[in-house]
Amino acid sequence: MNYETFENRVLPVKNKLFRFAFRLLGSSEEAKDVVQEVMIKVWNGREQMATIENMEAWCMRITKNLSLDRLRSNQRRATDSLTEGFEIRQETLTPHERTEIHENMQRVNEMIAALPEKQRQVIHLRDVEGYSYNEICEILELDMNQVKVNLFRARTTVREKLVKINAYGL
Amino acid sequence: MDSKHIERLLEKYWNCETSLEEEQQLRDYFRGGVPDTLKETADLFRYFEWQKEQKIANAGFDKEVKVRIAKSTPKGKNISMVINYARIAAGLLVVITATYFVRMEIRKAYPPEVVDTYSDPKLALEETKKALMMISKGLNKGQKEVEKIKVFHEAETTIQGKDLKEVEKKI
């Protein structure tokens, strides 16, 4: 693989990799470092790239492994706020509405950040990135059953919290 | 989209039975205005969409990667070049040793024929003469010794006197 192919096929995945690393690490600086490391790894291992069917899933898997390595060496939980780079698209909103949306997003973010690691990974890959179950299995190196169980638990927890907010306004 | 359909989809969603297309339908639906009862659920789906828009903030990211790749490339190239040369050298070594041993075997199987040692015929004649002289000298030496035996023979015949004359007569 030459650099052009790399630029066209691998580099564009960077934002997906970044979001996933960010979900795991909770720091955009560290997530960026991880994505760079992934890129270097993919480039150095480009000889074996020809044998890989789903290049994107393969990159995601490397991202997961490198992020988890980092997380383990740092011994920290990814519960930092996600407010960096926050931007609301609808420009017709009043400042009050804007703050409200900001708060709501923050609340959902905390809900997801509070999930156990596996559940957080699965719900991110499915509901944010829109991967199929098969791809999630490949990325997380889990079997179908584990993926579905983790997704079910994650969605159930989120649902319960949403119901609570709706009922008590918490 | 009618609300009953959405409710059914949502129920499926919570049970993890929705397909990717159905999940996209839900996200599309929640992008617009929703009834108060679904306000919180809408936040969840809007959150997912908002998350998908997040990008690496660093504008020079691609360049940084390119620089790091350029740094890490030559090392790998050198190593592979050295390995390639080593392969070629090893191949040559095998061929050379093989040829050497094959030649040795061939030499053993077919010993070299006698070849002329002198190119100048005069010199060759001289050498041959020398060699023949050596042989004749040896022969003459032998003959002298044999003559001594002749003495014994003569003595024997004088002792046998008569017999000798008879023998001579017969001859």
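**Before you start**

This is a predicted model, in which local features need pLDDT of at least 70 and side-chain atom pairs count only at pLDDT 80 or more, while totals for chains, interfaces and linings use all residues. Residues are numbered from 1 along each chain as its sequence is written, chains are lettered from A and ligands numbered from 1 in the order in which they are written, and side-chain values use heavy atoms, with hydrogens and water left out.

**Stop 1: chain B**

Chain B has six helices and zero strands; helices (H or I, at least four residues) and strands (E, at least two) are DSSP runs, numbered from the N terminus. Of the 171 residues in chain B, 18% are buried. Buried means under 20% relative accessible area, exposed means over 50%, and partly exposed lies in between, using a 1.4 Å probe and protein chains only.

Now switch to a surface view. Chain B exposes about 14100 Å², and carbon and sulfur atoms supply 62% of that area. Accessible areas come from the Shrake-Rupley method with a 1.4 Å probe, and for residues only the protein chains shown count as cover.

**Stop 2: a nonpolar patch**

Select Met81(B), Tyr85(B), Ile88(B), Leu92(B) and Ile96(B), which make a nonpolar surface patch of about 560 Å². Patches are made of residues with over 30% relative accessible area and no salt bridge; like charges are joined within 9 Å, and nonpolar side chains (Val, Leu, Ile, Met, Phe, Trp, Tyr) within 5 Å. Met81(B) sits in helix H4 (residues 61-109) of chain B. Met81(B) counts as partly exposed because its relative accessibility is 43%.

**Stop 3: the core**

In soluble globular proteins, nonpolar side chains tend to be buried together. Which residues touch the most other members of the largest nonpolar core? Select Phe6(A), Met39(A), Val42(A), Leu44(B) and Phe48(B): among the 73 residues of this core, these have that place. Helix H4 (residues 55-74) of chain A gives the most to this core, with nine residues. A nonpolar core is a set of buried Ala, Val, Leu, Ile, Met, Phe, Trp, Tyr and Cys residues joined through side-chain atoms within 4.5 Å.

Centre the view on Leu44(B). Leaving out residues up to four places away in sequence, Leu44(B) touches Val108(A), Ile112(A), Val158(A), Leu162(A), Tyr13(B) and Trp14(B). Contact here means heavy atoms within 4.5 Å.

**Stop 4: salt bridges**

A salt bridge is a side-chain nitrogen of Lys or Arg within 4 Å of a carboxyl oxygen of Asp or Glu. By this rule there are 19 salt bridges over all chains.

- Select Lys16(A) and Glu56(A), whose side chains meet in a salt bridge (2.9 Å, N to O). Lys16(A) lies in helix H2 (residues 14-25) of chain A and Glu56(A) in helix H4 of chain A, so the pair ties together parts that are 40 residues apart in sequence.
- Select Arg159(A) and Glu11(B), which form a salt bridge (3.3 Å, N to O). Arg159(A) is in helix H8 of chain A and Glu11(B) in helix H1 of chain B, so this pair joins two chains.
- Select Lys108(B) and Glu105(B), a salt bridge with its closest N and O atoms 3.9 Å apart. Both lie in helix H4 of chain B, three residues apart, about one turn of the helix. Lys108(B) is exposed, with a relative accessible area of 64%.
- Select Glu30(A), Asp33(A), Glu37(A) and Arg70(A), which are linked in a network of salt bridges.

**Stop 5: an enclosed helix**

Select residues 117-128 of chain A, which form helix H6. Helix H6 of chain A has twelve residues and reaches 16 Å from its first C-alpha to its last, close to the 16 Å expected at 1.5 Å a residue. The expected span is 1.5 Å times one less than the number of residues. Ten of the twelve residues of H6(A) are buried, so this helix is largely enclosed by the rest of the structure. The buried residues include Val122(A), Ile123(A) and Leu125(A). H6(A) is followed by Gly130(A), whose phi is positive, near 70 degrees.

**Stop 6: positive phi angles**

Most residues other than glycine have a negative phi. Select Glu141(A), a residue other than glycine with a positive phi near 55 degrees. Glu141(A) is in the loop between helix H7 (133-140) and helix H8 (144-168) of chain A.

Finish at Cys16(B), which is not a glycine but has a positive phi of about 60 degrees. Cys16(B) is in the loop between helix H1 (3-14) and helix H2 (20-31) of chain B. Is Cys16(B) buried or exposed? Cys16(B) is buried, with a relative accessible area of 11%.
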